[in-house]
Amino acid sequence: MNIEEIRDYCLEKVSATEAFPFDEDTMVFRVGDTAEKPGRIFALCSLERPDYILLKCDPDRAVELRDRYPDEIEPGWHMNKRHWNGVSLGGPHLTDSRIREMIDHSYRLVAASLPKRLRVGLGLENG
C-alpha cells in the first residue's frame, strides 16, 4: 500500500477524520471528533516519510507482530512503545491485506476506548 491508499482506507472508517494538528507534514487520522474536542488518534503518517505509518496496537499483539515481522514492524517512533507500532510499508513480508488488518485493529481499539454515549452518537455502536 502507498500513502494515498492508506489515507483513503483510513477515511473510509465511520467517523474518521484527517488533520495536521502538529505540523504541515504529519497526517493524523482520528475517530470521535466532536465540536468540543478532537477525537482520538488511530494512525499517523509523515508526508516526508510516506513509506512508514504509526498504528495503535494491543500491547501483547504489538510484541507478537514485531517478532513476526522484525524488518517491517518496530516500536512506534516518538510514541508509547508499548501501545504503538511503526510499520514500514515497502517491506517484502507485509501484504496489503495485513496492513489493512492492522489499520482495522488500531481503529477498533481506539473507537472502543471512546465513551459509550459518543460511540452511539457517532454511529460506532448501537444504543
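**View 1. Helix α1 against helix α3.** In this predicted model, helix α1, which spans residues 3-11, approaches α3 so that their axes come within 11 Å and cross at roughly 40°. The handedness of the crossing, as α1 passes α3, is right-handed.

**View 2. Residues in the contact of α1 with α3.** On the α1 side the contact is made by I6, Y9 and C10, and on the α3 side by I99, R100, I103 and D104. Divided by class, the residues of this contact of α1 with α3 comprise five nonpolar and two charged, with no polar residue among them.

**View 3. Helix α2 against helix α3.** Helix α2, made up of residues 59-68, also has an axis that can be compared with that of α3: the two come within 13 Å and cross at roughly 165°. Since angles over 145 degrees count as roughly antiparallel, α2 is roughly antiparallel to α3. The crossing of α2 and α3 is left-handed, whereas α1 passes α3 in a right-handed crossing.

**View 4. Residues in the contact of α2 with α3.** From α2, the residues R61, L65 and R68 meet R98, E101, M102 and H105 of α3. By class, this contact of α2 with α3 has four charged, two nonpolar and one polar residues, while the contact of α1 with α3 has five nonpolar and two charged residues and no polar one.

**View 5. The largest pocket.** The largest pocket holds about 290 Å³ of space, and of the 13 residues that line this pocket, those closest to its centre are T26, L44, S46, L54 and W77. Two elements, β3 (40-46) and β4, each give two or more residues to the lining of the largest pocket, and β3 supplies the largest share of that lining, namely four residues. Sorted by class, the lining of the largest pocket divides into eight nonpolar, three polar and two charged residues.

**View 6. The largest cavity.** The structure holds one cavity of 30 Å³ or more, and about 30 Å³ of space lies in the largest cavity. Its lining is formed by L55, K56, C57, N85, M102 and H105, and the elements that give two or more residues to this lining are β4 (49-56) and α3 (96-112). The lining of the largest cavity has three nonpolar, two polar and one charged residues. M102 and H105, which belong to this lining, are also among the α3 residues that α2 meets, and β4, which contributes to the cavity lining, likewise gives two or more residues to the lining of the largest pocket.

Terms used: Residues numbered from 1 in each chain as written. Predicted model: local features only at pLDDT ≥ 70, side-chain atom pairs only at ≥ 80, totals over all residues. Heavy atoms only, no water. 1 Å grid on protein atoms, 1.4 Å probe; cavity = no way out; pocket = protein on both sides within 12 Å on 5 of 7 lines; lining within 4 Å. Points joined across faces, edges and corners; volume = space filled by probe spheres on them. Nonpolar A, V, L, I, M, F, W, Y, C, P; charged D, E, K, R; others polar. Axes fitted to C-alpha atoms, helices over the stretch in contact; angles between N-to-C directions. Left-handed = near helix turned anticlockwise from the far one by under 90°. Contact = heavy atoms within 4.5 Å. Parallel < 35°, antiparallel > 145°, perpendicular 65-115°, else oblique.
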